[in-house]
Amino acid sequence: MGLNEWYDPETENLLAEFRTARDQAYRGDQDAKSKALLLAKNIASRSMELEYTMGREVHQMECQLAKAAQ
C-alpha cells in the first residue's frame with residue numbers, strides 16, 4: 001500500500017514535534033526539554049502503545065541528558 005506513517009497525521013505531527021524538541025534539548029535547550037516532556041505526555045494519552053513508546057523515549061532522553069551533564 002505504500003504507507004509511510006504508522007499513526008494518524010495529527011499524531012505523526014506531534015511525534016515530529018517531539019523529536020525536534022528532544023534534539024534541541026540534547027543541545028542544551030531547557031525550554032525544549034520542557035516542551036518535549038509536555039508533548040510526550042500528550043502523545044502518550046492517545047493509546048496504550050504510544051504510552052509505552054513515549055515512556056521509553058522519555059527515559060532515553062533523561063538518560064542521555066544526565067550523561068551529558070556529567
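Arg46 and Glu10 are joined by a salt bridge in which the closest N and O atoms are 2.9 Å apart. The pair links distant parts of the chain, with Arg46 in the loop between α2 and α3 and Glu10 in helix α1, 36 residues apart. The model discussed here is predicted.

User: What makes the contact between Arg46 and Glu10 a salt bridge?

Analyst: The closest N and O atoms of Arg46 and Glu10 are 2.9 Å apart. A salt bridge requires a side-chain nitrogen of Lys or Arg within 4 Å of a carboxyl oxygen of Asp or Glu, so the pair qualifies. By this rule the count comes to four salt bridges.

User: Why is Arg46 called partly exposed?

Analyst: Its relative accessibility is 32%. Buried means under 20% and exposed means over 50%, so Arg46 falls in between.

User: How many residues apart in sequence are the parts tied together by Arg22 and Glu57?

Analyst: The side chains of Arg22 and Glu57 meet in a salt bridge at 3.1 Å, N to O. Arg22 lies in helix α1 and Glu57 in helix α3, so the pair ties together parts that are 35 residues apart in sequence.

User: What makes Lys33 and Glu62 a salt-bridge pair, and which helices hold them?

Analyst: Their side chains meet at 3.6 Å, N to O, and the limit is 4 Å, so the pair counts. This pair also links distant parts of the chain: Lys33 is in helix α2 and Glu62 in helix α3, 29 residues apart. Glu62 is partly exposed, with a relative accessible area of 31%. Elsewhere, salt bridges that share partners join Arg22, Asp23 and Glu57 into one network.

User: Why is Glu12 without a salt bridge?

Analyst: The nearest side chain of opposite charge, Arg19, is 4.8 Å away. A salt bridge needs a distance within 4 Å, so Glu12 has none with Arg19. Glu12 is found in helix α1 and is buried. A polar atom of the Glu12 side chain does lie 3.1 Å from the backbone nitrogen of Tyr7.

User: How do you know that Ala21 is buried?

Analyst: Ala21 has a relative accessible area of 1%, and the limit for buried is under 20%, so Ala21 is buried. Ala21 lies in helix α1. Leaving aside neighbours within four places in sequence, Ala21 is in contact with Ala32, Lys35, Ala36 and Leu39.

User: Which other residues of α1 are buried, and against what do the buried residues pack?

Analyst: The buried residues of α1 are Thr11, Glu12, Leu14, Leu15, Phe18, Ala21, Arg22 and Ala25. They pack against α2 and α3.

User: Which residues have the most contacts inside the largest nonpolar core?

Analyst: They are Phe18, Ala36, Leu39, Ile43 and Met54, in a core of 13 residues. The elements that give two or more residues to this core are α1, α2 (30-44) and α3 (48-69). The largest share, five residues, comes from α2. Leaving aside neighbours within four places in sequence, Phe18 is in contact with Ala36, Leu39, Ala40, Ile43, Met54 and Glu57.

User: How does the span of α1 compare with what is expected, and what is found at the start of α1 and after it?

Analyst: Helix α1 has 18 residues and reaches 26 Å from its first C-alpha to its last, close to the 26 Å expected at 1.5 Å a residue. At the start of α1, a side-chain oxygen of Asp8 reaches to within 3.2 Å of the backbone nitrogen of Glu10. Gly28 follows α1 and has a positive phi, near 100°.

User: What is the pattern of the protein, and what percentage of the residues is buried?

Analyst: Read along the sequence, the pattern is α-α-α, with three helices and zero strands. Buried residues make up 27% of the 70 residues. Along its principal axes the C-alpha trace spans about 45 × 20 × 20 Å.

Terms used
Residues numbered from 1 in each chain as written. Predicted model: local features only at pLDDT ≥ 70, side-chain atom pairs only at ≥ 80, totals over all residues. Heavy atoms only, no water. Core = buried A, V, L, I, M, F, W, Y, C linked by side-chain atoms within 4.5 Å. Buried < 20%, exposed > 50% of the residue type's maximum accessible area, 1.4 Å probe, protein only. Helix = DSSP H or I, 4+ residues; strand = E, 2+ residues; numbered from the N terminus. Contact = heavy atoms within 4.5 Å. Expected span 1.5 Å × (residues − 1). Polar contact = N/O pair within 3.5 Å; in protein donor to acceptor, adjacent residues only side chain to side chain. Lys, Arg positive; Asp, Glu negative; His and termini not counted.
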